[in-house]
Amino acid sequence: MTINRNIKIRERDAIPFDKLLDLSMPGRHFFYVFDIADSEYEWFSDTISGVIGYGVDELSAMAFINNIHPEDKQALADIIIHLDDLTDEYGAEWLSHFSMMYDFRFRTKAGYYIRLLVQMVQQFDRASGRYKRYGRMTDITYFKNEGHTTLNMAHRDGGESYIDVPLASRMKFDCPFSKREKEIVRLVMRGLQLKEIADKLFISPETVKNHKKHIFAKTDCKSSIQLIKLCVTCGWKELYEELF
């Protein structure tokens, strides 16, 4: 092989690094930060509207879950719970050595479905003292228009990686809620806030608060998002089926 010695070395600032970066991003994409402790999306990049139609102020974690394709919800819940299990068993720091990838179908604001590829890492945020998940979601509809949702974990330091991680759905058991608690859970899953639930059921906000405490105690959940994930994973369709 001969080297063309007439090639001039370009200054670093003259190299179009943004164009080179595009090579690793095969479709429209946006970035996000997910707070694990709060089970809530903390930040979205402005490019989100060009991918799914929703603006940065329109999409809570609950609204995001509501737009996932019904056939992908169970697998996605299994993935999230599996990652939580790995964190409990090996520690959050262990999981931070992996890049994690999975895909699912999402309903855009315009009403049609696209397939999003999630690529994320879990890192410790010193400012908040919490672990957070930093990721990118890319529209891969034109690369993959069918197939099931799988989890892949690539070790970033050369350690053992895992492809198509086996995911076992949690055992489905009877819903433990009373009639009133079921009413409250249904409204929580619709995204209603404390006062809105109280007005809807003609009870006081304090009563709603007490019911939520009992609901969380029965399920060992610490947030509404965790409660929703549990309901979907356990197959309590009477609580969420009307939403989809």
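My entries follow, beginning with the ground rules for reading them.

**Ground rules.** I am working with a predicted model, in which local features need pLDDT of at least 70 and side-chain atom pairs count only at pLDDT 80 or more, while totals for chains, interfaces and linings use all residues. Residues are numbered from 1 along each chain as its sequence is written, and side-chain values use heavy atoms, with hydrogens and water left out. I take helices (H or I, at least four residues) and strands (E, at least two) as DSSP runs, numbered from the N terminus.

**The sheet.** I looked up the strand order and found an open sheet of 6 strands, E2-E1-E5-E4-E3-E6, with antiparallel pairing; two strands pair if DSSP finds at least two bridges between them. Strand E2 (40–44) and strand E6 (152–155) are the edges, each with a single partner strand, so one side of each has no neighbour in the sheet. From one strand to the next the twist averages 30°. I then followed the antiparallel pair of E1 (residues 29–35) and E5 (residues 130–139), which 7 bridges join, and noted that His29 has Thr138 in E5 as its bridge partner.

**A helix across the sheet.** Helix H4 (residues 70–90) lies across E3 (98–107), E4 (113–125), E5 and E6, and runs at about 155° to E3. For such angles, axes are lines fitted to C-alpha atoms, for helices over the stretch in contact, and the angles run from 0 to 180 degrees between N-to-C directions. Contact itself means heavy atoms within 4.5 Å.

The axes of H7 (residues 194–201) and H8 (residues 205–219) come within 8 Å and cross at roughly 105°, which makes H7 roughly perpendicular to H8 (a term for 65 to 115 degrees). On the H7 side I listed Leu194, Ile197 and Ala198, which meet Pro205, Val208, Lys209 and Lys212 in H8.

**Helix H6.** In H6 (residues 179–189) I found several buried residues, among them Ile184, Val185 and Leu187, where buried means under 20% relative accessible area with a 1.4 Å probe, protein chains only. Just after H6, Gly191 takes a positive phi of about 95°.

**Cysteines.** Cys175 counts as buried at 18% relative accessibility, and Cys231 counts as buried at 0%.

How values were computed
Parallel < 35°, antiparallel > 145°, perpendicular 65-115°, else oblique. Buried < 20%, exposed > 50% of the residue type's maximum accessible area, 1.4 Å probe, protein only.
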